[in-house]
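Please prepare a briefing on the structure shown below. Keep it plain, and group the points by topic.

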Amino acid sequence: MNRSRVVKGAGIFGAAVGVAAAGLATAFAVERALVRRSVNEPGDPYVEEPFGDQPFDHERTVTAADGTDLHVEIIEPAGATDEPTIVFVHGFALDMGTFYFQRKELAERGTHRMVFYDQPGHGKSSHLKSGTYDLAALGRSLAAVLEETVPHGRIILVGHSMGGMTIMAFAEQFPAWFGNRVTGVVLISTSAGLFDKAKLGITNLVARFSSPFFPLWDKAAQLGGGTIDRARVVSTDLAWLLTRRYGFGEPKPSPTLVTFVESMNSKTSAETLTKYLQTLYTHNRVPALSVLRGVPVLVVVGDRDYLTPLTHSEQIIANLPEAELLTIENSGHVVMLEKADQVNAALIPFLEKLT
């Protein structure tokens, strides 16, 4: 293909996305002004919270089977312990910061060894060198992390959204780990079945406009993900609003917390996002849930989760009738951030039960 035509095509596409984003941002202008004004108003419980990198005892890089370098951070317990190691697996367009409050409280308790890692293409982990992302590969990445960072002893897996799906993909490929090494699983705001494309992190309105162009998004990423990334800058305020509206359940969540989540979203490149779309659309690992039978499972979901609604968690429970289901009121998709106290209040006893 003629390079000038490719560059021209990418430029036209980028301009089109930029114009569309600008138009949508204009439609939200009044609301944006009101929301931004609220950021510095009193009453935000997290305005002084130092969101961002958290302390760790060890840092290492684990290379997955596909060559992706995974950034890993490990926190050791305060003293000698035979408690299970807790491994946290974050979701789509986020990073290990997703578990900020769980990490903070458990580190203060000092009872468990904890392992956090950034999924391929997210956070400080490297991008896929070739091909496309799929959940099976994410399951193998989790296996690589476990083999290198938890070579022996019991393990509790905690997954949010795509992280929960990663655990299911891992169970599908490595069932022998469950009941032997993996002795507990926590699934937060996740799904074992197929997704509605219109709910993968975008509003129904945006989905109706953009769904016919999803193949073009993937093509544009091949031409140059930076094209879309530049267009995304135009719609930064719109992204903030969409994060607040579709990531949270409270009508007025902490602006600082919304900004923290949106910052994780914005750091994930367009190329990574588009490469993950297909595997999320086709995700169906209900049969893999059978591997978790006999292993204690805690399922947590917000009652206002628009991305992985309560019905998805109920489907998991239908296949794992011995699992516990916790539905948290007035909470959205990032329930472990929005309702951290309630999630921790369920998580801690669950961990203690597995000692």
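**Salt bridges and overall picture**

Glu105 is partly exposed, with a relative accessible area of 25%; partly exposed lies between buried, under 20% relative accessible area, and exposed, over 50% (1.4 Å probe, protein chains only). This is a predicted model, in which local features need pLDDT of at least 70 and side-chain atom pairs count only at pLDDT 80 or more, while totals for chains, interfaces and linings use all residues. Residues are numbered from 1 along each chain as its sequence is written, and side-chain values use heavy atoms, with hydrogens and water left out.

**Overall**

- The protein has 13 helices and eight strands; helices (H or I, at least four residues) and strands (E, at least two) are DSSP runs, numbered from the N terminus.
- Of its 355 residues, 55% count as buried.
- Among contacts between residues at least 6 apart in sequence, 80% join residues at least 24 apart, where contact means heavy atoms within 4.5 Å.

**Salt bridges**

- The count of salt bridges comes to eight, a salt bridge being a side-chain nitrogen of Lys or Arg within 4 Å of a carboxyl oxygen of Asp or Glu.
- Glu105 forms one of them with Arg109, at 3.6 Å from N to O.
- Both Arg109 and Glu105 belong to helix α3, four residues apart, about one turn of the helix.
- An α-helix has 3.6 residues a turn, so residues three or four places apart point the same way.
- Arg109 is partly exposed, with a relative accessible area of 42%.
- Another salt bridge joins the side chains of Lys104 and Glu49 (2.9 Å, N to O).
- Lys104 sits in helix α3 and Glu49 in the loop between α2 (29-38) and β1 (58-63), so this pair ties together parts that are 55 residues apart in sequence.
- Lys104 is partly exposed at 33% relative accessibility, whereas Glu49 is buried at 18%.
- Lys124 and Asp53 also meet through their side chains in a salt bridge (3.5 Å, N to O).
- That pair links distant parts of the chain, with Lys124 in the loop between β4 and α4 and Asp53 in the loop between α2 and β1, 71 residues apart.
- Asp53 is exposed, with a relative accessible area of 63%.

**Strand β4 and its neighbours**

- Strand β4 (residues 114-117) is covered on both faces, with Met114 and Phe116 buried on one side and Val115 and Tyr117 buried on the other.
- Strand β2 (residues 69-75) pairs with β4 in the antiparallel sense over four bridges; two strands pair if DSSP finds at least two bridges between them.
- Opposite Met114 in β4 stands Ile75.
- Strand β3 (residues 85-89) runs parallel to β4, and four bridges join the two.
- Val89 has Tyr117 as its bridge partner in β4.
- From β3 the chain crosses through helix α3 (residues 100-109) to β4 in a right-handed β-α-β crossover; right-handed means that, with the strands pointing away from the viewer, the path from the first strand over the helix to the second runs clockwise.

- In strand β5 (residues 155-160), six of the six residues are buried, so the strand is largely enclosed by the rest of the structure.
- On one side of β5 the buried residues are Ile155, Leu157 and Gly159, and on the other they are Ile156, Val158 and His160.
- β3 and β5 run parallel and are joined by five bridges.
- The bridge partner of Val87 in β5 is Leu157.
- Strand β6 (residues 182-188) pairs with β5 in the parallel sense over six bridges.
- His160 has Ile188 as its bridge partner in β6.
- A right-handed β-α-β unit is made by β5, helix α5 (residues 162-173) and β6.

**Ser125**

- Ser125 lies in the loop between β4 and α4 (135-149) and is buried, with a relative accessible area of 6%.
- A polar atom of the Ser125 side chain lies 2.9 Å from the backbone nitrogen of His71.
- The Ser125 side chain also reaches the backbone oxygen of Asp118 at 2.5 Å.
- Leaving out residues up to four places away in sequence, Ser125 touches Asp69, Leu70, His71, Asp118, Gln119 and Pro120.

**Helix α9**

- Helix α9 (residues 255-267) has 13 residues and reaches 18 Å from its first C-alpha to its last.
- That span is close to the 18 Å expected at 1.5 Å a residue, the expected span being 1.5 Å times one less than the number of residues.
- Its buried residues are Pro255, Thr256, Leu257, Val258, Phe260, Val261, Glu262 and Met264.

Technical notes
A polar contact is a pair of N or O atoms within 3.5 Å; within protein, one must be able to donate a hydrogen and the other to accept it, and residues adjacent in sequence count only if both atoms are side-chain atoms.
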